[in-house]
Amino acid sequence: MSSNASPTVRVDAIGKRYLMPHAVHGTGTGGRIMAHLKEFLPFLSHQEDDYFWALRDVSFEVKPGEVMGILGRNGSGKSTLLKILSGVTAPTTGKAMLRGRVGSLLEVGTGFHPDLTGRENVFMSGVLLGIGKREIAAKLDEIIDFSGIEPFIDVPVKRYSSGMYVRLAYAVASMLHADVLILDEVMAVGDAAFREKSQRNIERLAGEGRTVLFVSHNARAVRNLCHTGIILDKGQCTFQGSAADAVITYLQKIHHYQPSQEELTATRWNLDDAPRLHDGGERVLTSVSLHAADGTPAREFHTGEPMRVRIGFHRCTLRQPYFAVLIHNEYAERVATINSSHFAPDLDAHGNGVAECLIEDLRLGEGSYYMMLDFGQYGGGRGLMTSADCVPNAATFDVSLGGYLGGIGLDAFQGAAHRARWSVVTSTSAAG
Amino acid sequence: MSESYRVVEPQTGVRIGFGDVWQRRELLGMLFQRQIAARYRQMLLGVVWLALEPMAQLAMLTIVFGFLLRVDTGGYPYPLFAFSAMTGWWLFSKTLMSVAGSLQDNIGLISKVYFPRLILPLAATMKELFDGGVMVVILVGLSMLYGYLPTAKIVVLVPLFAYAALIGLGVGLWIATVMVRFRDVRPMMGLVLQAGMYATPIVYPATLVPERFAYAYQFNPMYWVVELSRWALMDKPVDIAPPFFWSLGFVCVTVYGGLMVFAKTEKIVVDVQ
């Protein structure tokens with residue numbers, strides 16, 4: 001992928017507007033009648049507020065061999081963008097240019113008919129996606145093999161399990177050898193092994209110099225598969241850059257992880273006004289601070305070294321309270337759960353005070369982390385814990401590799417680095 | 001230069017796009033096959049049902065109009081008299097219904113894949129022509145049963161029924177266009193078609209129509225389909241009058257206009273669904 005290659009997809013200030021008179025004239029009989037009339041007779045609706053912009057002024061370019069991820073919440077305009085690029089609907093403003101054969105897969109199993117057999121549906125769906133009959137016939141064995149449902153290929157698809165159905169449908173789509181491939185949420189199908197297979201397939205396509213536009217809610221899939229990414233928010237493109245940056249920006253946004261400059265250097269956080277996971281409960285947690293082994297405030301830690309977490313609380317009235325330190329990486333994936341009930345079931349915390357959690361050796365890889373604090377009551381049932389106060393975003397800290405791993409790389413997405421002892425139990429001489 | 005570009009931009013002009021349909025003719029074929037195969041597979045008696053419904057209706061018409069009311073058919077056996085007209089009418093009305101519903105019935109496809117939308121009404125028309133072909137076989141069998149052996153005139157049935165389907169297609173395209181916004185049209189269609197059936201000499205002979213209305217009556221294009229199929233099968237005399245050419249002109253305008261409005265509406269169907 002050379003950076004000066006001319007783009008295969010050029011999107012220039014694309015906008016899409018829908019008529020939504022109901023939103024404006026929702027009240028009163030007269031308003032409602034007017035709204036209906038406007039829907040049926042569009043020439044009545046010339047006011048700007050009768051319209052809703054699903055996309056506004058979106059521009060980007062994608063180069064040959066580039067896999068671009070499109071991130072955004074539900075309703076952010078992702079699907080509308082893909083519909084426009086695949087030609088299903090026309091934009092209201094702007095222009096897009098796609099070079100070469102364009103294939104799009106906005107849904108898995110488009111055109112499948114329940115009464116037709118798997119084999120017949122392969123042809124139906126393939127032709128619908130724009131693959132020629134002859135090409136399908138030539139690749140039929142490959143498709144059936146990819147789907148892994150050979151014994152059932154001549155059975156009507158209405159008798160398939162949903163997994164079989166989806167695998168067959170995706171197998172057809174994977175034969176779509178377009179120069180520009182538009183995929184909407186298709187990675188979410190099938191079991192882990194099948195998803196792995198589909199990922200390989202996309203990687204192969206990119207390797208062949210094809211351009212892939214890819215929408216997914218699966219941040220990990222976007223990070224693993226895509227080179228670049230954009231974020232759509234309320235129809236506007238709010239971020240463009242590398243896939244890794246796009247994923248982090250997106251997740252920070254949806255999890256409200258938007259640390260201010262102040263927070264980035266803080267070692268103590270006041271939790272009185274911090275957002276709670278469940279609103280309305282008693283606010284018991286008041287503060288949290290991070291310290292090095294000797295008790296000095298810190299926010300930078302090394303893998304394999306101790307960390308002290310001090311949790312301030314007040315008005316604690318629970319009989320068997322527990323505290324939990326839950327650590328998440330930047331993808332909001334839990335990487336550690338450190339619960340007082342595991343080690344100190346009879347923690348005596350009444351009224352006001354500070355609880356300290358000493359993590360003897362931090363086994364996290366290099367990166368930034370978010371700390372969630374949970375407080376509640378345990379017991380009453382076997383291992384039953386009832387959360388009373390939970391702060392999803394209590395603190396942030398950074399970890400860098402210390403001597404623990406001998407300086408060998410481990411990042412925040414690779415899980416824990418457990419302390420282990422290695423030895424060779426049996427070995428034979430290579431020369432032997 | 002072999003590189004092809006696809007440009008996506010706001011829609012302005014209207015193009016019928018037969019060229020695009022031709023490029024995707026494999027899809028047209030597949031959609032046609034899908035409709036046929038799906039229907040006849042889920043019902044083992046698919047073909048039987050196809051014939052049974054009109055035969056049952058024919059039996060009822062024969063009892064009411066032929067036996068009870070004793071409609072004067074001019075000497076032709078009533079079942080054959082009615083059936084020779086019904087075949088064309090059924091082809092017309094079923095094509096109209098299928099074409100009218102073709103956008104809505106396939107909204108799942110339309111909103112997920114791009115292809116020339118005109119393929120949908122065309123596939124619907126092809127399917128009705130297929131069913132119509134089965135009916136013609138039954139019709140010819142019935143006429144032989146009544147002693148009307150097929151003559152060379154029977155060839156006329158081919159363009160005649162194609163014409164009936166074309167009328168259905170033309171009117172259907174207009175209705176499909178209207179139905180994108182007004183879904184209420186669908187229940188009304190059955191009613192209007194039934195009125196149309198009685199406005200055509202199907203269950204009664206055209207001679208029953210009062211003299212002063214007779215001329216206007218012939219502007220109905222289906223009048224000619226019906227009368228000409230009786231001519232082709234039973235040699236019932238028919239005079240080609242000026243209204244025939246007028247109705248032919250109307251049909252051409254309707255079909256062309258239908259194609260144009262359809263081409264315009266297909267672009268917004270996904271947005272207003």
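Which residues of chain B does the UniProt annotation "transmembrane region" cover? The entry, which is unreviewed, lists 43-69, 75-92, 129-148, 154-176, 188-207 and 244-263. The model discussed here is predicted. Two of the annotated stretches are set out below.

| Stretch of chain B | Helix | Strand | Distance between end C-alpha atoms |
|---|---|---|---|
| residues 154-176 | 87% helix | 0% strand | 33 Å |
| residues 244-263 | 100% helix | 0% strand | 29 Å |

**Sheet in chain A**

Chain A holds an open sheet of 4 strands, paired antiparallel. The strand order is β10-β11-β13-β16. Strands β10 (268-270) and β16 (351-359) form the edges, each pairing on one side only. From one strand to the next, the twist averages 15°. Within this sheet, β13 (residues 307-316) runs antiparallel to β16 of chain A, and 8 bridges join the two. A:Arg310 stands opposite A:Glu356, a residue of β16.

**Nonpolar cores**

The largest nonpolar core has 197 residues. A:Phe60, A:Val309 and A:Phe397 touch the most other members. Helix α4 (residues 78-105) of chain B gives the most to this core: 15 residues. Chain A contributes from two domains, with at least three residues drawn from each of domain 1 (9-254) and domain 2 (261-405).

What does A:Val309 touch, not counting residues up to four places away in sequence? Its contacts are A:Val288, A:Ser289, A:Leu290, A:Val325, A:Ala355, A:Glu356, A:Cys357, A:Ile359 and A:Met371.

Another core, of 6 residues, lies apart from the largest one. Among its members are A:Tyr322, A:Ala324, A:Tyr378 and A:Cys390.

Notes
Residues numbered from 1 in each chain as written. Chains lettered and ligands numbered in written order. Predicted model: local features only at pLDDT ≥ 70, side-chain atom pairs only at ≥ 80, totals over all residues. Heavy atoms only, no water. Pairing = 2+ DSSP bridges. Axes fitted to C-alpha atoms, helices over the stretch in contact; angles between N-to-C directions. UniProt positions renumbered as here; feature names shortened; annotations may be inferred. Core = buried A, V, L, I, M, F, W, Y, C linked by side-chain atoms within 4.5 Å. Buried < 20%, exposed > 50% of the residue type's maximum accessible area, 1.4 Å probe, protein only. Domains from an automatic or database assignment. Contact = heavy atoms within 4.5 Å.
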